Amino acid sequence: MSNNESTTVAGMSPPLTKQRIGRVDTAVNSATKLINNFFEWFGNLGIFFWRVLRAAITPPYEWRELIRQLDEVGSRSFPLVFAAGAAIGVILSLEARYSLTRFGAKSMFPASLVYSVLQVMGPVITGLMVSGRVGAGIGAELASMKVTEQIDAIEASAINPYRILAATRIAACILMLPLLTLVADASGLLMGWLAQTLVEPLSFHQFIESGFKGAKLSSFLPQTFKTSVYGLIIGLIACYEGMSTRGGAEGVGRAATNSVVLASLFLILSDVVMVKLILVVFQ
Amino acid sequence: MATTYDSAIKTVDAEKEDSAPIVFVKELQKSFGRHKVLNGISLSVNRGETLAVLGRSGTGKSVLLRIIIGLETPDSGSVCINGQDITGLSLDQMGDIRKKMGFLFQHAALYDSLTVAENIAFPLAHHRREMSRSERGDRVKQLLAEVGMGGDLGKMPSDISGGMQKRVGLARALALDPEILLLDEPTAGLDPISSGEIDDLVLKLQQERQMASIVVTHDLHSARSIANRLALLDKGNVVIEGKFEDLQQSDIPFVKEFLKQS
């Protein structure tokens with residue numbers, strides 16, 4: 001019996017081992033493919049960036065298209081960024097008042113709100129909002145142009161598509177992000193103060209004076225201007241995803257989704273590096 | 001002081017230049033993955049001549065045109081435009097070559113966010129910066145009149161038919177007065193009447209402008225009416241090249257089958 005069992009087990013053992021080896025092999029292959037794709041994506045993004053940079057710094061310059069894109073990225077994102085900033089201001093105001101009252105530090109409320117909005121939430125919320133609206137828009141628009149051969153038509157007309165399509169959009173994102181961040185900051189502070197003053201009246205003058213007491217310009221400027229890097233990330237990834245898409249409507253959808261997801265992810269990852277960098281350099 | 005001998009040499013040189021092929025494609029090879037699309041194609045087109053490239057779908061006709069205008073890079077072989085090898089040129093270097101070419105895409109590829117007039121003005125605005133806005137407007141009207149669409153300036157591409165889109169695409173391709181015209185399936189997807197109108201238009205423009213044209217098509221009737229020479233492609237190779245009569249007299253089974261089915 002015992003012999004029989006051991007024979008059976010011994011008999012079944014080789015195929016099981018083969019199956020396991022097969023599974024491990026498949027997993028290793030998948031992991032290798034994933035790593036390859038990741039590096040290939042980065043490599044292609046680097047080549048794309050180099051082409052855009054070269055096109056951007058050499059004449060002719062596409063001023064008219066740049067102005068159109070500044071309007072598209074800036075003015076048209078204004079209401080969204082203003083609303084998002086306002087909502088964040090109200091939420092932070094409610095949360096901060098509750099927490100500070102609990103710890104007996106109610107007098108810290110204005111400074112707490114100002115620092116939370118200007119240093120953390122304003123820039124990040126602006127970046128994510130623009131990534132959603134502008135990133136998806138650029139990705140879908142360029143992908144649609146790509147699959148309908150409009151980008152090829154631009155190139156066939158002896159016009160550099162990296163210059164007219166990508167460089168202008170990326171430059172607009174870089175230039176407009178800090179300005180939109182100021183909008184989100186202003187609406188956040190305004191609505192945060194309003195939420196506070198409805199519960200416990202506090203003059204706006206007093207709120208600002210107390211909030212900015214002892215603050216230096218260097219405490220807020222780097223946080224605002226770091227959003228230019230967000231702009232670069234959003235514009236670059238959206239343009240790359242759009243201009244390198246393949247495969248009809250599905251490709252357009254994929255480009256729009258990838259633009260938002262990847263831009264948002266890299267925006268947050270870059271923030272980790274930039275926050276540390278700003279702390280080291282400016283404090 | 002130029003002698004009679006010098007001027008005679010100049011005349012001979014000019015004649016040579018005229019007779020030299022303006023487009024010369026030599027042993028082009030192109031694969032996408034494992035699929036070989038072009039397998040060593042050689043073709044040439046002279047000034048004032050129209051070459052029709054025929055073949056079944058997927059035989060690399062459109063890829064050939066895209067390589068000639070530099071939208072695709074060949075795996076090997078060369079493309080010479082006016083004697084200059086353009087394979088391997090950068091995007092900006094290609095710009096100067098492309099200004100001499102007009103390209104009509106299979107689906108017209110009009111810019112869908114611009115009006116008909118803006119589509120045609122687009123290359124002019126970038127390459128004829130010396131033109132004033134009114135001059136550009138006049139040129140657009142003239143080009144649209146040339147393709148029989150004088151009254152549709154303000155329409156959007158989505159508001160006009162496929163045949164009209166092809167006409168606008170043709171007007172855009174002609175905007176920079178090209179020496180070479182590349183037409184990718186100009187009559188594909190059109191009804192017989194619209195196809196005939198496009199053929200007549202291409203023929204008229206060809207006679208007026210004396211460009212070197214390459215027309216990619218699977219429409220034998222269209223090719224016969226607009227081209228001086230025909231080249232039939234199969235499996236990435238030129239099976240036969242010559243006049244329509246040469247194709248008719250050919251004993252090659254594929255040529256016979258193609259003519260029979262067309």
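In chain B, strand β1 and strand β4 (residues 76–81) pair in the antiparallel sense over five bridges. Within this pairing, B:Gln29 has B:Ser76 of β4(B) as its bridge partner. Two strands count as paired if DSSP finds at least two bridges between them, and helices (H or I, at least four residues) and strands (E, at least two) are DSSP runs, numbered from the N terminus. In general, strands of a sheet pair through backbone hydrogen bonds, either parallel or antiparallel.

A word on the model: it is predicted, so local features need pLDDT of at least 70 and side-chain atom pairs count only at pLDDT 80 or more, while totals for chains, interfaces and linings use all residues. Residues are numbered from 1 along each chain as its sequence is written, and chains are lettered from A and ligands numbered from 1 in the order in which they are written.

### Strands of chain B

Strand β1(B) also pairs with strand β2 (residues 35–45) of chain B, in the antiparallel sense over eight bridges. There, B:Phe24 stands opposite B:Ser44 in β2(B). The hairpin of β1(B) and β2(B) has two residues between the strands, and B:Gly33 takes a positive phi near 65° in it. B:Glu27 has a positive phi too, about 45°, although it is not a glycine; B:Glu27 is found in β1(B), which spans residues 23–32.

Now look for an open sheet of six strands in chain B, with the order β6-β7-β8-β3-β9-β10 and mixed pairing. β6 (101–104) and β10 (237–242) of chain B stand at the edges with a single partner strand each, so one side of each is left without a neighbour in the sheet. From one strand to the next, the twist averages 15°. Inside this order, β7 (residues 180–184) and β8 (residues 212–216) of chain B run parallel and are joined by five bridges. B:Asp184 stands opposite B:Val216 in β8(B).

Two packed helices are described by the angle between their axes and the distance between the axes. Axes are lines fitted to C-alpha atoms, for helices over the stretch in contact, and angles run from 0 to 180 degrees between N-to-C directions.

| Helix pair | Axes come within | Crossing angle |
|---|---|---|
| α4 (residues 116–127) and α5 (residues 133–146) of chain B | 9 Å | roughly 125° |
| α2(A) and α6 (residues 161–199) of chain A | 8 Å | roughly 50° |

The angle makes α2(A) oblique to α6(A); angles under 35 degrees count as roughly parallel, over 145 as roughly antiparallel, 65 to 115 as roughly perpendicular and the rest as oblique. The contact of α2(A) with α6(A) includes A:Leu66 and A:Leu70 of α2(A) and A:Ile164 and A:Ala172 of α6(A), where contact means that C-beta atoms, placed from the backbone, lie within 7 Å.

In chain B, α4(B) is oblique to α5(B). Among the residues in contact are B:Ile120 and B:Leu124 of α4(B) and B:Val140 and B:Leu143 of α5(B).

### Elsewhere in chain A

Where does A:Pro60 lie? A:Pro60 is in the loop between α1 (2–57) and α2 (63–73) of chain A. A cis peptide bond joins A:Pro59 and A:Pro60, with omega about 0°.

Conventions:
Two residues are in contact if their C-beta atoms, placed from the backbone, lie within 7 Å.
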